[in-house]
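Please prepare a short briefing on the fold, packing and backbone geometry of the protein shown here.

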Amino acid sequence: MKRPSVSWFVVVLIAVFAIVTTFAQGQPPAQPQRAGQAAAAGAPQARGTTQQQAAAPRLATREVADDVYQIALGLDSVCMYVLVGRDRALVVDTQTMTEFEGKKIVDYVRDITRKPLIVVNTHPHSDHTAANAQFDEVFLSAAGVEEIKAGGARRSSPMTYKLTPVKEGHVFDLGDRQIEVIDIPAHSSGSIALLDRKAGYLFTGDEIDPGQVVGMNPKTIQMHHANMKKLYEKYYSRITQLVPAHNGAPVTKRYIKYFMDLDAKIMAGTATVVPTADGPNYAFPVSENQVRYRENFAAVIYTKPAQK
Ligand SMILES: [Zn+2]
């Protein structure tokens, strides 16, 4: 997701970690605060030395499904994935940082597999593409390629790796495992989903997020609804689980229907507005003309059109 609060959240975590490691000896346990979460006035303070000191999250790898590895710093920052097949491995997104504790993202991937890599970005936002240059070639949608090239041109930063566009229906062959590209542009005009045809996992980037989908407005909500309808009508029986890029994964495929229904209600003007603190990321919404809509387990942050 393209959101300043992610990098801000990481900065806060690093600051808290530095303070804790420098001053913690003999001090009361430090309580890292989530972005936007206000400390409750008058809340009882932890006493004694039995409480574990809260540690800052570290970039860590977990095997979340058979031969599907997640590399993530906590759960609400970007979760990137490595799918290992017989002949090749597919990397989904390249993290929000280029390294952690001096170790490059490519080396986290190399700790999982030494097989040849195919690297794909679900969309061109910077928190999903930070370590792209550590790989020779990166695949993404044509709109995504244009956005990354335009960003590089603006910053006068040379492209040190090859960007290759892929279309809906393209299949990445890992040997015993085929991964299919499905266009789902809304949160980003360059979004694709990746369907693991063997296991039925659908990697959704930021277009399905159990926390909230951000970047919705009167135009993108229609695109998002059309995408959810397409996934529900054309692909649902082939999907077993969804694997989003933020706020924990895998989740059930029912989220496709939850978002389809929520989007329809937003377009009809009947969706339920819920408080900011309803979601796991309290930093959203971020401005006065934004609202958080929620139905079932689906939530979006929606920017209302300007009043005339
Ligand atoms: Zn995004």
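The points below go from the whole chain to its core, a helix pair, a sheet and some single residues.

This is a predicted model, in which local features need pLDDT of at least 70 and side-chain atom pairs count only at pLDDT 80 or more, while totals for chains, interfaces and linings use all residues. Residues are numbered from 1 along each chain as its sequence is written. The protein chain has six helices and 19 strands, where helices (H or I, at least four residues) and strands (E, at least two) are DSSP runs numbered from the N terminus.

**Whole chain and core**

- Buried residues make up 36% of the 308 residues in the protein chain; a residue is buried if 20 or more other C-beta atoms, placed from the backbone, lie within 10 Å of its own, exposed if 12 or fewer, and partly exposed in between.
- Of the contacts in the protein chain with a separation of 6 or more, 60% are between residues 24 or more positions apart, a contact being a pair of residues whose C-beta atoms, placed from the backbone, lie within 7 Å.
- The largest nonpolar core has 64 residues, of which Y81, L90, V120, L194 and F259 touch the most other members; such a core is a set of buried Ala, Val, Leu, Ile, Met, Phe, Trp, Tyr and Cys residues joined through C-beta atoms within 7 Å.
- Helix α6 (residues 254–268) gives the most to this core, with seven residues.
- Once neighbours within four places in sequence are left aside, F259 is in contact with I208, M228 and A298.

**The α5 and α6 pair**

- The axes of helix α5 (residues 220–235) and α6 come within 9 Å and cross at roughly 145°, with axes taken as lines fitted to C-alpha atoms, for helices over the stretch in contact, and angles running from 0 to 180 degrees between N-to-C directions.
- On the α5 side, the residues that meet α6 include H224, M228 and Y232, and on the α6 side those that meet α5 include F259, D263 and M267.
- The residues of this contact divide into ten nonpolar, three polar and three charged, where Ala, Val, Leu, Ile, Met, Phe, Trp, Tyr, Cys and Pro count as nonpolar, Asp, Glu, Lys and Arg as charged, and the others, Gly among them, as polar.

**A four-stranded sheet**

- An open sheet of four strands has the order β14-β19-β18-β17 with mixed pairing, and two strands pair if DSSP finds at least two bridges between them.
- Its edge strands, each pairing on one side only, are β14 (213–216) and β17 (273–274).
- Strand β17 pairs with β18 (residues 290–295) in the antiparallel sense over two bridges, and V273 stands opposite Y293 in β18.
- Helix α5 packs on the sheet, touching β14 and β19 (298–303), and its direction makes about 130° with that of β14.

- Most residues other than glycine have a negative phi, and most peptide bonds are trans.
- A cis peptide bond, with omega about 0°, joins A249 and P250, and P250 lies in the loop between β15 (241–244) and β16 (251–252).
- N247, in the loop between β15 and β16, has a positive phi near 65° and counts as partly exposed, with 19 C-beta neighbours inside 10 Å.
- Q95, in the loop between β4 (89–92) and β5 (99–100), has a positive phi of about 75° although it is not a glycine, and Q95 is buried, with 27 other C-beta atoms within 10 Å.
- P165 is in strand β9 (residues 162–165) and, not counting residues up to four places away in sequence, P165 touches L140, S141, A142 and V145.

Key: Two residues are in contact if their C-beta atoms, placed from the backbone, lie within 7 Å.
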